[in-house]
Amino acid sequence: MTANWANKRGVGAGALLAWAGLALLPLIGFITENTSFDYYMYMGQSMLIYAIAVLGLNLLIGFNGQISLGHSAFFALGAYTTAILMNFGGWPYWATLPVAAVVCFLAGLAFGFPALKLEGHYLALATFTLAIAMPQLLKYKAIAGWTGGVGGVLLDKPDPPEWTGLSADQFLYYLCLFCAMVLFWLVFNLLRGRSGRAIMAIRDHTMAASTMGIDIARYKTVAFGISAGITGIAGALSAITVAYVAPDSFTLQLSISFLVGLVVGGIASLPGCLIGGAFIVLVQNSAQSISDWMKGTFALRYDVPAWAIYGVLLLALMYVLPDGIAGGCARIRAWWTTRGRREAQ
Amino acid sequence: MKKLTRRRVLTGAATMLAAPAIAAGKYSPGASDTEIKIGQTMPYSGNASAYGQNGRAHAAYFKMINETGGINGRKINLISLDDGYSPPKTVELARQLVERDQVLFLYAPLGTQCNTAIQKYMNQKKVPQLFVSTGASKWGDPAHFPWTMGWQPDYRTEGEIYAKHIKQTIKNPKIAILRQNDDMGNDYVSGFRELISSFKDTIGADAIVADATYEVTDPTVDSQILQLKNSGANVFYNVTTPKFAAQAIKKSAEIGWKPVQYIVNVSASIGAAIKPGGFENAQGIITAQYIKDITDPSWATSPDFMEWKAWMEKYNSSANPMESANATGYASAFTVTQVLRQCGDDLTRENVMRQAANLHDLEVPMLLPGIRLNTSPTDFYPIKSVRLSHLEGEHWKLFGDLISRDAA
């Protein structure tokens, strides 16, 4: 699970190419006649947002070895911070992003302290309660004036600046992409340096790390904070792109889908986060399509439950690629590069 | 001018005869000579998956319509997608349906938060969001949202009807409220509260003595019921969903609390709420109805019930026959097919909305006798009337006249 890329000097050519490709995608809108292009842009936004959330979670679970089932709560906190600032403070959408990050960072830090006492499954359980409690807290009457209670808060979608000539969805895609690039770059740099080594050392062997003089408590709480902050930015972006926040959007199910995206993409892999984000959006939809297709093709009398198909897909994937899609790709690459040597033998 | 020959007249007549399927159609995306494509979001999974039965009933109804020739020769193609009751997912799916699948309109998407999330979008896109499956009072607002329309009687009005009935029939009411902490609960209670406090001259200023809430994720409401009993109330306004309604009915009987009980229509299902709560505990409970109680044998001979029964057996046989969603879904799907029939060959989104706002004294099967649907460009509340009923034996017994929104 050692991340080889973390030892590289700079960003690899592959990464640059991938980001450039993502940045060019919206330009297809200028040449395509496809009326549903804006919808695909919207899906792209969702994928990037999930990718950022998975990145936050990956930093915690994949690199620091702390399990969290409560990241939907930080996602919600970020979303509501943005919603409240935009709705009551009249803030522009972009200015709310750093605030959401800071609020979630502090919340994560605060939660990171008690989390120090908890390891493994116990931490999972503690964060689980966070995810369970969040929707209910958001409905709490005393703060309903701010959160809109059960009804949530409706927002206005930001209009793109006119000089860009972009549609609203293209523009929001670029907003998400920009945030994703900045955050991936920050995490990349964090992990490459001394702090990154410390964070990963704690995961690999806490006692050894402590013996070497790493301040376990500090690194663990800060990792929790940064992880929550990143997820909070994802939440803020989701509030901006969906233009509506409501308690039922942030259930435990959301935390679980982050986790699924993380595991499928590849634990402790940065490219895996992007893959995981895309997976969350695509596979849930395709499970439904497969279910419809099966019903239609085999003229079935009953619906094929889409979630069962989702489960089968997930199982199959875990069986074929136990270390996620990114891990699988790395294995194929390793096999490919050592092919010559094997043949020589 | 060309001369009118016999041949010309004949060809003209022939064209006109063949016309309904070929020419003359005016279409928005989703409609064609052969098909009307409509979209829907439904919670088939997640916390609210029980409501998914509505969507299955709609699909089964359209299957029947299609097998009997469709609407003006066009088949209905309903794309019903699972949003898991999560608003962001609803937004994504609504966009998919409108932009990718190019549906003519969205029919009966379910859930108040889910519909709120897409209301602005649908109105900006000018795509009808028709007969939404939620009873919130905000769906009848044509001035601000001319592309959104509700269907069932709204919760607020229903609450007001109970308040009036309390004023008329109970001398010194001391009211205890149990409500689910969500928009349904708030809508039911806010209208009720306002009306009760406006009656302060006749029933006293503080008629509401207790107001307890629970979360839909709570295991039981036992402690709330104890708390309500201790408030000394003699009226119990039970604003719950079926599972909790059953618990409330059972628990209050267990602890010997016998108030006059009002239960909201959402939980007036014999199969889902009353039977599990115990018939002996539920005698005399009052509710407002607009749908026929499908477990009540006295409807068995009414023609619409017999048709519904035949449809259940042929097209919806996998459903639980006790579930009232089968009747609600049937009636709702009937309403939308009526709108499409009225549209004729002008299947544009504008005309769908125009015809939806142009229902006059429409009688809908499985609704209570006497209820007629009326809408107008300024009136987006299709079903406005309910009848009060109380539980007698194992069925609801209607009493009193139809009570309408305008009169309430």
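Reader: How many bridges join E14(B) to strand E15 of chain B?

Author: Helices (H or I, at least four residues) and strands (E, at least two) are DSSP runs, numbered from the N terminus. Two strands pair if DSSP finds at least two bridges between them. In this predicted model, 7 bridges join E14(B) to strand E15 (residues 395-404) of chain B, and the two run antiparallel. B:Ser385 stands opposite B:Ser404 in E15(B). The hairpin of E14(B) and E15(B) has 2 residues between the strands, and B:Gly393 takes a positive phi near 65° there.

Reader: Which strand do 4 bridges join to E14(B)?

Author: That strand is E10 (residues 286-289) of chain B, which runs antiparallel to E14(B). Here B:Thr287 stands opposite B:Ser389 in E14(B).

Reader: Why is strand E14 of chain B described as largely enclosed?

Author: A residue is buried if 20 or more other C-beta atoms lie within 10 Å of its own, exposed if 12 or fewer, and partly exposed in between; the C-beta atoms are placed from the backbone. In strand E14 (residues 385-392) of chain B, 6 of the 8 residues are buried, so the strand is largely enclosed by the rest of the structure.

Reader: How many residues of strand E6 of chain B are buried?

Author: Strand E6 (residues 175-180) of chain B has 6 of its 6 residues buried. Both of its faces are covered, with B:Ile175, B:Ile177 and B:Arg179 on one side and B:Ala176, B:Leu178 and B:Gln180 on the other.

Reader: Which strands pair with E6(B)?

Author: E6(B) pairs in the parallel sense with strand E8 (residues 235-239) of chain B over 5 bridges. B:Ala176 stands opposite B:Phe236 in E8(B). E6(B) also pairs in the parallel sense with strand E7 (residues 208-214) of chain B, over 6 bridges. In E7(B), B:Tyr214 is the bridge partner of B:Gln180.

Reader: In what order do the 4 strands of the open sheet in chain B stand?

Author: The order is E3-E2-E4-E5 (chain B), and the pairing is parallel. E3 and strand E5 (129-130) of chain B stand at the edges with a single partner strand each, so one side of each is left without a neighbour in the sheet. Within the sheet, strand E2 (residues 35-42) of chain B and strand E4 (residues 105-107) of chain B pair over 2 bridges, and B:Ile38 stands opposite B:Phe105 in E4(B). H3(B) packs on the sheet and touches E2, E3 and E4 of chain B. The direction of H3(B) makes about 175° with that of E2(B); axes are lines fitted to C-alpha atoms, for helices over the stretch in contact, and angles run from 0 to 180 degrees between N-to-C directions.

Reader: How many residues does each chain bring to the contact between chain A and chain B?

Author: Chain B brings 25 residues and chain A brings 23 residues. On the side of chain B that touches chain A, H3(B) gives the most, with 8 residues.

Reader: Where in chain B is confidence lowest, and where is it highest?

Author: pLDDT is the predictor's confidence in each residue, from 0 to 100. Confidence is lowest in helix H1 (residues 6-22) of chain B, at a mean of 54, and highest in E4(B), at 97. Chain B averages a pLDDT of 89, and 93% of the residues score at least 70.

Reader: What conventions apply to the numbering and to the model?

Author: Residues are numbered from 1 along each chain as its sequence is written, while chains are lettered from A and ligands numbered from 1 in the order in which they are written. Because this is a predicted model, local features need pLDDT of at least 70 and side-chain atom pairs count only at pLDDT 80 or more, whereas totals for chains, interfaces and linings use all residues.

Key
Contact = placed C-beta atoms within 7 Å.
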